[in-house]
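Work through the following exercises with the sequence and the coordinates side by side.

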Amino acid sequence: MDDSYTNFPTSHLVGSVPAVVTEEKNSYKPQAPTANSPILPPNNGSNAGRGYQTLEGEGDGQQSTNKWNGVFSVSSYTEYFNVDTDLVLNRLMSSLNPTTGDFFSKIDANPDLYGLIWISTTLVFVLSSIGNCATYLMQSDSNSSWNFDVNYVNVAACSVYGYALLVPLGFYFLIRYMGISASLIRFWCLWGYSLFVLVLSSFLLIIPVEFLRWTITIAAATTSASFVALNLRTYVQSDDLMIILVASFALQAALTIFIKMWFFS
């Protein structure tokens, strides 16, 4: 086609489309926006060369708060109640056979607080109810009237819960003071299951024969105290082991005798 026709101006015609004029593309070089970088604190201590280090004390308050929140959180203790019936029954049977002394090896992978709470609560209920039944049988031959003693519930709760919580805590601090590593959860588990034999003996103490009651009390005290002492012997390795064993045996036996004297006298 002739160049005269192609170069003919057509922008003045109605409906005509103007020719596209190509312009030279300008070269564009993107640049990152400038920002004021924070000034990092100097790292001249023992951790020099390890990158950014937080200032001393930074985050300590938050860590301390999270630690205490975990102590008072119910979800922190759910793992200590993750037990089934067979496991609890096996540990209950172990508490009735103190000569083995292998209780800590059985609970090493999964110590629980279920036995502590369940056995202690059951013992409180049994002592307050069976103790009143025992006094009723003792007074049935006499002409004196009998009344249900509500104080049995208060005394049983304070003595049982106080013993099950505070005595293991005291031994824990004593053993740690001696420089021996110990687990408070395992101690609570041990002392909790040691009370199971006292639940069984409480049902037998309802017999209104004083000689049989003392025989049952001595047998229960020996079984429960031996269970605690013999298992502590395998757990604690110290020159002062004899003191710990004697103290644990004496306290466990004292609790059993207290139960007999207060609830079944």
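**Exercise 1. State what share of the residues of the protein counts as buried, and describe the overall fold content.**

Solution. In this predicted model, 33% of the 265 residues of the protein count as buried. Turning to secondary structure, the protein has 10 helices and 0 strands, and the pattern read along the sequence is accordingly α-α-α-α-α-α-α-α-α-α. As for the contacts between residues at least 6 apart in sequence, 71% join residues that are at least 24 apart.

**Exercise 2. Determine how the axes of α9 and α10 are arranged, and characterise the residues of their contact.**

Solution. Begin with the geometry: the axes of helix α9, residues 210-235, and helix α10, residues 241-263, come within 8 Å of each other and cross at roughly 150 degrees. An angle over 145 degrees counts as roughly antiparallel, and α9 and α10 are therefore roughly antiparallel to each other. The handedness of the crossing of α9 and α10 is right-handed. In composition, the residues of the contact of α9 with α10 divide into 14 nonpolar, 7 polar and 4 charged.

**Exercise 3. Carry out the analysis for α6 and α10, naming residues that make the contact.**

Solution. The axes of α6 and α10 lie 12 Å apart, and the two helices pack at an angle of about 180 degrees. That angle makes α6 roughly antiparallel to α10. On the α6 side, the contact is made by Tyr 152, Val 155, Ala 156, Ser 159, Tyr 163, Val 167, Phe 171 and Ile 175. On the α10 side, the contributing residues include Ile 244, Ala 247, Leu 251, Leu 255, Phe 258 and Trp 262. The residues of the contact of α6 with α10 divide into 14 nonpolar and 3 polar, with no charged residue. As background to reading such a list, an α-helix has 3.6 residues a turn, so residues three or four places apart point the same way.

**Exercise 4. Identify the buried residues of helix α8, and say what covers them.**

Solution. Helix α8 spans residues 196-204, and its buried residues are Phe 196, Val 197, Leu 198, Val 199, Ser 201 and Ser 202. The cover over these buried residues of α8 includes α3 (85-95), α5, α7 (184-194), α9 and α10.

**Exercise 5. Decide whether Ser 120 is buried or exposed, and list what it touches.**

Solution. Ser 120 has its place in helix α5. Buried means under 20% relative accessible area, and Ser 120, at 1% relative accessibility, therefore counts as buried. Leaving aside residues up to four places away in sequence, Ser 120 touches Gly 115, Val 160, Tyr 161, Ala 164 and Leu 195.

Methods: Residues are numbered from 1 along each chain as its sequence is written. This is a predicted model: local features need pLDDT of at least 70, side-chain atom pairs count only at pLDDT 80 or more; totals for chains, interfaces and linings use all residues. Side-chain values use heavy atoms; hydrogens and water are left out. Helices (H or I, at least four residues) and strands (E, at least two) are DSSP runs, numbered from the N terminus. Buried means under 20% relative accessible area, exposed over 50%, partly exposed in between (1.4 Å probe, protein chains only). Contact means heavy atoms within 4.5 Å. Axes are lines fitted to C-alpha atoms, for helices over the stretch in contact, and angles run from 0 to 180 degrees between N-to-C directions. Angles under 35 degrees count as roughly parallel, over 145 as roughly antiparallel, 65 to 115 as roughly perpendicular and the rest as oblique. A crossing is left-handed if the near helix is turned anticlockwise from the far one by less than a right angle, and right-handed if clockwise. Ala, Val, Leu, Ile, Met, Phe, Trp, Tyr, Cys and Pro count as nonpolar, Asp, Glu, Lys and Arg as charged, and the others, Gly among them, as polar.
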